[in-house]
Amino acid sequence: MATPFQGKTLTICTGPLTPSGMATESGRHTRLSTLLLAQRRSSAFKGSIHYAPYMQYDKAGQQIWLNLLSVDAITETHGDAAKGVMFVPVVAGSDKMTVFVQQMYHACLTCVFKPLKAGMSIPKVVHCPDGHLRHAFFGLGPYIADYPEQVWLAGIVQGWCPKCDAHPKDLDAPEALHRSHAMSEVLIMAFDPGTLWDEHGIRTDVVPFTHHFPCANIHELLSPDLLHQVIKGTFKDHLVLWVGEYLWTADVLKALMKVYLSIHQVYLTAIIGYVPSKMVQCMSAFLDFCYLARRNAFLPETLNHFTDALQQFHLHRNIFVETLSQMLWTILQMEKLFKRGMMTGSTSPYMAKVYVGIPDVPEEDENEDDKNDNKDLGPASGPKVLLSIKLARQAETQYPCDLVTLAMHIQQRQFPEALRRFLWGQLNPNSDLSPADVSLNDCPILYGQISVFHSAVAHYFAPSDVRGAGGMHHKHICTHPSWHGEYPRYNTAFAETDVDLPGMEGMTVAHVLIPDPNTGLWVVWPKFDTRRRRTLEVVHLDSIVCAAHLLPVYGSAPLPKDFHFGLS
């Protein structure tokens, strides 16, 4: 039974609250026990709570790890005493905390969780949302925080790992050991504070709050903040910066930073041809790692892919070390030229800011959101379904309603034939013949009226995107001959062709080839028939999964500055 604080605020003050809402200088005020009692008996959670750990499997018999209770942690910590007892882990988190006295920070957290301490060793009788009374163990669940908060919570020195004792200069050391309260106590008894600080990264003036609770080890409970530590920290603050230093040309770097700020998937294709292929492969492996880490459910094969992506990243990241001397030499030479006044034009103001630590990131257009109608609508509520498509509320009125005239109007002469073959496929779903192999005379003719819609909303299950209830996401799919009266816009989309094949192998976007060896992205190109005409096929609306964001395969030279994206 995971217990999130939905819409609730947990208040920690340095003194009791006064009628004016201010706090005096002593004491603390918390509402944890009140919130937990209210939420665990609320009927709003009826049918949404697991009262015992469970194991979930897919059709192939593979175990699925979906949430806290899909791992039987309570049995590992409480043994036979956990049989028949409900487990209530409290998931905590903190961000952007201002801490002046770290031990006071831990004292406050100890006070917050103190009402739960008795129930961590002896089960308590609790009132559940389904109206029944059950025995329950309370426990401290994962603590989600980015690195600054992890340093304070773990009582370690800045720069050291909060999970293991690897030295900051060798974080991948294979002999590194997992941190624990017991190991820290042994080291504190054996060494002086200076040695602990320099050689073990331990602060002797901080005792983590979990030290006061049973079955709680802050070094195990800490969970990384994917946004700050992985995406922003590793990708933006390190990889993007290193690529920029390798390129060093200000105009190129500013353009790439603009690309990064818009969508980081585009960044991968934008650097091809400007950096060594190993750098591209390193970025590709890292993006694979990010998308896998964002999933809401994990299979054994997912964890294997996760490990493979991490290993590939570690392998290819050496390219940055290999080119470091070249990068440093280039920067030093540029600095000399700048100091001598020999750098003029568009790059010198930019480099002046770089040298004083102020990157010249292009300002965002305040009206950018108004111009960008390629709407990613984000999380969608509702139960989990594989996919569904909902057309716009009203059809367009400027199109002919009969088939032949409509085909002439949209300049798709093959449309009537494609529609007839589509109808034959719908009427003969179990046939071994493909609609393309059937004689056109055997295909039905449509005599009714046809409606045209310029947009639809795709709802689909998105394991690697921000999700709503049931794991669903939704996006707009648009097709318009004159977008905002300026240029045509025809979105591409993923169409499902085989439900039994995984991922891209069971879908199509025009013609699919093998993934690119450098980027890991699937490469597609238009499909032509034997007469060198672009193939046209009518597909069922239910086969469309979602909009597909196709990135161009760039050539060896930069695009002209006046190149309009509407021509892509």
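1. Y554 lies in the segment that follows strand 16 (544-548), strands being DSSP runs of E of at least two residues, numbered from the N terminus. The model is a predicted one, in which local features need pLDDT of at least 70, side-chain atom pairs count only at pLDDT 80 or more, and totals for chains, interfaces and linings use all residues. Residues are numbered from 1 along each chain as its sequence is written, and side-chain values use heavy atoms, without hydrogens and water.

2. Y554 has a relative accessible area of 34% and is therefore partly exposed (buried is under 20%, exposed over 50%, partly exposed in between; 1.4 Å probe, protein chains only). Together with L559, F563 and L567, Y554 makes a nonpolar surface patch of about 410 Å².

3. Y399 is in the loop between strand 8 (387-391) and helix 18 (403-409). Y399 counts as buried because its relative accessibility is 13%.

4. How many cavities of 30 Å³ or more does the structure hold? There is one, a cavity being a set of points on a 1 Å grid over the protein atoms alone where a 1.4 Å probe fits but cannot get out. The largest cavity holds about 40 Å³ of space.

5. Residues lining the largest cavity include V90, F113, Y143 and F209; lining residues have an atom within 4 Å of a point. Strand 5 contributes the most, with four residues. The lining has eight nonpolar residues, one polar and no charged, with Gly counted among the polar.

Methods:
Patches are made of residues with over 30% relative accessible area and no salt bridge: like charges are joined within 9 Å, nonpolar side chains (Val, Leu, Ile, Met, Phe, Trp, Tyr) within 5 Å. Accessible areas come from the Shrake-Rupley method with a 1.4 Å probe; for residues, only the protein chains shown count as cover. A salt bridge is a side-chain nitrogen of Lys or Arg within 4 Å of a carboxyl oxygen of Asp or Glu. On a 1 Å grid over the protein atoms alone, a cavity is a set of points where a 1.4 Å probe fits but cannot get out, and a pocket is an open set with protein on both sides within 12 Å along at least five of seven lines; lining residues have an atom within 4 Å of a point. Grid points are joined across faces, edges and corners, and a volume is the space filled by probe spheres set on the points.
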